[in-house]
Amino acid sequence: MNTTSEFESMLENVLNILRKGGYTIHLVSYPEDRRSIDIVAKKDKDVVLIKIAIDADKIGNLEVEDLRKSSIAYSASSIIVSKTYRGRELEDDVVYVKGNINVVSPELLENYIVRKEKPLIYNVKGIYVLRLDPQKFCERRAELDLSRGELAEALGLTRKALYLYEKGETMVSLNTALQLAEFMGEDIFKEIDLLKDRVNEEDFTIIQSEKERLDKELSSIIAKYNYIGVRFKRTPVDIALKGAKTFSIVRQDDTSSAMRKIDDAEEIANLTESLLIVWKEKTGLKELEKLIKKLE
């Protein structure tokens, strides 16, 4: 299927979805190339401006800006419907963001308009995030009789981070969201209203747990010095790095079994003739990089 016929097929699919949802539709044909709006749809008093794309990454900044400005000028919603973004096929339960405009697959649009199903997950700048419902979050924490400090400690976050979550002032990374869901249930997250909710990419911030931050920095070191990293879930050693030398890495925690974990990891390191690294803060990674440099 060539690009033109693929676009026409997508366009017809979106039109059918809108018809099923009871929308009045107008197709925009000007300009012929690189237009910012392909469809204007209306239901009751709600107007939606829609741009269709095979790959949303190919839509230019001028078209995106025009689409955004048009939605402001006409008090309308705006959305991009695409098959792929940045070369990857869109997931049907994830809302992507380009130029502060929601980007969705036709399947997600149909779920939202026809089946009245709302997604939970955003992908902003390549990061999967969710937004907490502050009221439900506070209510659930109170029901569970967990202090902010107790919950923060369990998740490896600061009390300030939990405070911001309760205020709804920051997004939650997917890893942290999974941990929160285990403690408090999935209904603490806000569903995304495609035609009303927006994420401002310029103001986008998330708070990473200490574990996520350290994992990111560790991955950077592994790539920099051409090491292979192996992660474990059921051994005293959390991560083994293999390169010019082998390292056994252990995350230190405050549990009652922490010392036993370190003792066992030390024995494993001795018997395998690997170097043991124990870290709790960033200093552990600095020590690791210094050791790797010495061995280069």
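1. Buried means under 20% relative accessible area, exposed over 50%, and partly exposed in between, with a 1.4 Å probe and protein chains only. By that cut-off Phe247, at 0% relative accessibility, counts as buried. Overall, 44% of the 296 residues of the protein count as buried.

2. On the basis of the note: this is a predicted model, where local features need pLDDT of at least 70 and side-chain atom pairs count only at pLDDT 80 or more, while totals for chains, interfaces and linings use all residues. Residues are numbered from 1 along each chain as its sequence is written, and side-chain values use heavy atoms, leaving out hydrogens and water.

3. Fold content. The protein has ten helices and 14 strands. These are DSSP runs, numbered from the N terminus: helices are H or I with at least four residues, strands E with at least two. Contact means heavy atoms within 4.5 Å. Among contacts with a separation of 6 or more, 62% join residues 24 or more positions apart.

4. Largest core. A nonpolar core is a set of buried Ala, Val, Leu, Ile, Met, Phe, Trp, Tyr and Cys residues joined through side-chain atoms within 4.5 Å. The largest one holds 32 residues; Leu132, Phe137, Tyr165 and Leu180 touch the most other members. Elements that each supply at least two residues of this core include β3 (46–55), α2 (61–73), α6 (159–167) and α7 (174–184). Beyond its neighbours within four places in sequence, Leu132 contacts Phe137, Tyr165, Val172, Leu180, Ile188, Phe189 and Lys190. Another core lies apart from it, with 31 residues, among them Val48, Ile79, Ile192 and Leu194.

5. Aromatic pairs. Rings of Phe, Tyr and Trp (its six-membered ring) pair if their centres lie within 6.5 Å; planes under 30 degrees apart count as stacked, over 60 as edge-to-face and the rest as tilted. The whole structure has two such pairs. Tyr85 and Tyr96 are edge-to-face, because their ring centres are 6.4 Å apart and their planes stand at 90°. This pair links distant parts of the chain: Tyr85 is in strand β4 (residues 77–85) and Tyr96 in strand β6 (residues 94–98), eleven residues apart. Tyr85 counts as buried at 8% relative accessibility, and Tyr96 counts as buried at 8% as well.

6. The other pair, Tyr227 and Phe247, is tilted, at 6.0 Å centre to centre and 50° between the planes. Tyr227 sits in the loop between α8 (210–224) and β11, and Phe247 in strand β13 (residues 246–251), 20 residues apart. Tyr227 counts as buried, at 7% relative accessibility.

7. Backbone points to check. Most residues other than glycine have a negative phi, and most peptide bonds are trans. The peptide bond from Tyr30 to Pro31 is cis, with omega near -10°. Pro31 is in the loop between β1 (24–27) and β2 (39–43). Asp44 is not a glycine, yet has a positive phi of about 55°. Asp44 lies in the loop between β2 and β3 and counts as exposed at 68% relative accessibility. Glu273, also not a glycine, has a positive phi of about 55°. Glu273 is in the loop between α9 (258–272) and β14 (275–279), and counts as exposed at 63% relative accessibility.
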